[in-house]
Amino acid sequence: TRKRTTVGMTAAAVVFDQTYGGKIRVRELVEDTKSADAGADGGPPVVFGFPSASLTSVLAAGYLVDHLQLPLLGLISSHFFPARCMIEKFVPSHPIRILGDFGKLVVVMCEIKLETTEMANLLCEAVFDFARRHHSPCVLTFEGDPSKQFNHNGVNHNGGNQKSESLIPESINFAELEKKLMFVSTNQQYAAKLKEMGLTAVENGILSGLTGLLLAESSLAGVPAACILSPSSSDGYPEAFSAVPVVHAVATLLHVAVDTQKLEEKAKQLQHSVTTIINSEKEAAKPPATWYA
């Protein structure tokens with residue numbers, strides 16, 4: 001007898017239910033009838049989006065979900081996560097969701113920050129286990145790269161003393177931003193593809209948080225992983241524009257048709273909101289609040 005769980009306003013059968021480390025629970029709601037027939041590495045690539053120092057990962061992953069209209073495949077929950085739900089299109093759900101099409105692409109969308117290293121390790125373990133069970137060729141994630149100097153219409157974002165109004169340039173040359181994308185990959189095939197697309201491989205450096213953990217554990221988990229790094233703000237403020245060239249690159253890499261015009265508009269609106277917050281906090285003489293709430 002299959003277990004049943006409530007998802008939004010309807011009940012759905014649970015086809016897979018497993019707990020990792022006694023703390024993180026993964027429940028899949030859709031039977032995978034495609035990956036098993038595809039054989040080793042013939043399953044869907046897994047995109048892992050989560051909040052970090054920039055908005056790059058969450059915005060890019062979220063846009064792929066919205067644009068490709070990816071349905072809910074499963075949920076990841078824990079008694080140790082903050083008590084919170086996400087409401088999308090009138091439907092409440094857990095803040096970590098698995099969405100996608102087993103024949104095309106799967107996105108693990110995490111919209112909470114994990115407070116401990118233990119929980120980050122367990123989440124990575126769960127994601128890698130999902131990728132192995134569904135024969136995914138790669139786990140792909142994104143990160144904002146503040147070390148890359150970038151300029152919007154001559155506005156340099158590497159200086160910490162510029163006025164916050166300069167964070168909203170009148171026009172953005174996204175093609176120029178795409179030329180500055182970099183990557184890290186544990187898989188030679190994906191590395192070769194990304195190089196052919198014009199991305200630059202990172203030779204030396206340190207990546208912290210979930211991104212670094214994912215890449216470090218990739219070989220041990222037996223699942224290739226890659227991270228695309230996009231120029232972002234180096235002054236500590238989230239840079240919404242960095243997600244746009246990432247989505248362009250992902251669309252090319254995974255052969256997915258994506259129109260980023262709406263994402264570009266969304267990025268400008270979000271950046272306007274960020275700048276409003278920056279200005280209000282400067283006036284109040286307070287340090288910046290946590291950007292991802």
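The conversation below goes from the whole chain to single residues.

Guide: This is a predicted model, in which local features need pLDDT of at least 70 and side-chain atom pairs count only at pLDDT 80 or more, while totals for chains, interfaces and linings use all residues. Residues are numbered from 1 along each chain as its sequence is written, and side-chain values use heavy atoms, with hydrogens and water left out.

Visitor: How many helices and strands make up the secondary structure of the chain?

Guide: Helices (H or I, at least four residues) and strands (E, at least two) are taken as DSSP runs, numbered from the N terminus. Counted in this way, the secondary structure of the chain comes to eight helices and 16 strands.

Visitor: What percentage of the 293 residues count as buried?

Guide: A residue is called buried under 20% relative accessible area, exposed over 50%, and partly exposed in between, using a 1.4 Å probe and protein chains only. By that rule, the buried part of the 293 residues of the chain is 51%.

Visitor: Are α2 and α7 parallel or oblique to each other?

Guide: Axes are lines fitted to C-alpha atoms, for helices over the stretch in contact, with angles from 0 to 180 degrees between N-to-C directions. The axes of α2 and α7 come within 9 Å and cross at roughly 50°. Angles under 35 degrees count as roughly parallel, over 145 as roughly antiparallel, 65 to 115 as roughly perpendicular and the rest as oblique. The two helices α2 and α7 are therefore oblique.

Visitor: Which residues of α7 meet T56, L59, A60, Y63 and L64 in α2?

Guide: Contact here means heavy atoms within 4.5 Å. On the α7 side, the residues that meet those of α2 are A243, V246, V247 and V250.

Visitor: How far apart in space are A60 and V244, C-alpha to C-alpha?

Guide: A60 has its place in helix α2 and is buried, with a relative accessible area of 0%. Leaving aside neighbours within four places in sequence, A60 is in contact with F142, A243, V246 and V247. Although A60 and V244 are 184 residues apart in sequence, their C-alpha distance in space is 7.1 Å.

Visitor: Is D145 buried or exposed?

Guide: D145 is found in strand β11, and, not counting residues up to four places away in sequence, D145 touches M182, L229, S230, P231 and S232. With a relative accessible area of 8%, D145 is buried.

Visitor: What is the phi of F90, roughly?

Guide: F90 lies in the loop between β7 and β8, and at 75% relative accessibility F90 counts as exposed. K89 is found in the loop between β7 (86-88) and β8 (91-93), where the phi of K89 is near 50°, a positive value in a residue other than glycine. F90 is not a glycine either, yet its phi is positive, at about 75°.
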